[in-house]
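This report is meant for someone meeting the structure for the first time. Please keep the sequence and the 3D view at hand while reading.

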Amino acid sequence: MTSETHTQQAEYVHPTAPGGAPDPDAFRADTFPDIRRAGVGTVLISEWDAENPERQQAMAEGAARALRAAPLPDGLVSQVYLTGTDGRTVLGLGQWEEGRAGASQQAVEAGGARRYRYYRSLLPQGEQPEPGCVVAVSFETTGHEAARQLVDGLLDLLGEVQPGSAETSRTGSGGISSNFHISEDGTRVFNYSEWTDEAAHQHTVETSLQQGGAVMNLIAGIPGVTPLGFRRYVTPRGLVRR
């Protein structure tokens with residue numbers, strides 16, 4: 001373990017101010033997490049269906065208020081709730097320090113979460129703009145071998161460069177990054193894909209991700225992989241450690 005890692009982990013300790021509330025100097029509120037942050041181990045991911053926009057907003061904002069009001073456990077790096085552009089879904093994503101288990105397995109299962117680990121990413125070569133939309137792309141896989149074959153195959157096909165970024169077109173079309181996580185049991189791959197906005201992702205779907213194209217053909221040709229579709233998310237609520 002490097003000294004840099006030791007320093008990063010030390011900064012994660014004591015996340016609450018006297019009295020138990022989160023220390024405002026230790027966290028940024030209502031922002032997207034640093035999805036490739038060094039020192040992160042377990043990532044807990046949940047997707048909930050709130051059924052309508054009113055319940056969706058109430059669920060995300062209520063969860064964020066409860067988070068800010070309670071003492072935070074040592075080892076929590078971020079906990080963010082995002083609202084789906086479909087007007088009904090909520091994405092919950094929590095990052096934990098390497099070596100920290102996060103919530104208990106019973107609590108994870110009760111909340112519908114899965115435990116993931118960050119694996120690899122598609123990235124632009126230049127400076128990355130701030131994301132305005134996150135696209136959650138999910139796959140069912142029959143084990144770790146199939147999951148890694150999917151991710152490795154996509155990165156090899158695309159040269160490890162994010163589609164829609166400035167490196168794949170003259171001006172760029174809004175792609176920022178794709179960050180693949182594999183569930184600890186090997187049954188899911190979750191791509192946390194960052195975009196400038198929803199329209200940018202839709203443009204890429206309509207031009208580069210059609211059936212019969214190179215990406216879709218690759219996915220279809222990998223045994224043990226079932227695409228589960230995608231959802232777009234905006235408006236993060238929660239806390240991210242500085």
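## The largest pocket

The largest pocket holds about 450 Å³ of space, a volume taken as the space filled by probe spheres set on grid points that are joined across faces, edges and corners. A pocket here is an open set of points on a 1 Å grid over the protein atoms alone, where a 1.4 Å probe fits and protein lies on both sides within 12 Å along at least five of seven lines, and lining residues have an atom within 4 Å of a point. The elements that give two or more residues to the lining of this pocket are strands S6 (133-141), S7, S8 (188-195) and S9 (225-241), together with helices H4 (144-158), H5 (198-208) and H6 (214-220).

The lining is made up of 25 residues, and those nearest the centre of the pocket are Val 137, Phe 139, Asn 191, Leu 209 and Val 215. By class, 17 lining residues are nonpolar, eight are polar and none is charged.

## Basis of the model

The model is predicted, with local features needing pLDDT of at least 70 and side-chain atom pairs counting only at pLDDT 80 or more, while totals for chains, interfaces and linings use all residues. Residues are numbered from 1 along each chain as its sequence is written, and side-chain values use heavy atoms, with hydrogens and water left out.

## The protein as a whole

The protein contains six helices and nine strands, which are DSSP runs numbered from the N terminus (helices H or I, at least four residues; strands E, at least two). Of its 242 residues, 45% are buried, that is, under 20% relative accessible area with a 1.4 Å probe and protein chains only. Among contacts (heavy atoms within 4.5 Å) between residues at least 6 apart in sequence, 79% join residues at least 24 apart.

Ser 177 belongs to strand S7 (residues 175-183) and is buried, with a relative accessible area of 0%. Its side chain makes polar contacts with the side chains of Arg 36, at 3.4 Å, and Asn 179, at 2.9 Å; such a contact is a pair of N or O atoms within 3.5 Å, where within protein one must be able to donate a hydrogen and the other to accept it, and residues adjacent in sequence count only if both atoms are side-chain atoms.

Arg 37 lies in the loop between strand S1 (27-29) and strand S2 (40-49), and at 15% relative accessibility Arg 37 also counts as buried. A polar atom of the Arg 37 side chain lies 2.5 Å from the backbone oxygen of Arg 241, and the side chain of Arg 37 reaches the backbone oxygen of Arg 242 at 3.0 Å.

Notes: Buried means under 20% relative accessible area, exposed over 50%, partly exposed in between (1.4 Å probe, protein chains only). Ala, Val, Leu, Ile, Met, Phe, Trp, Tyr, Cys and Pro count as nonpolar, Asp, Glu, Lys and Arg as charged, and the others, Gly among them, as polar.
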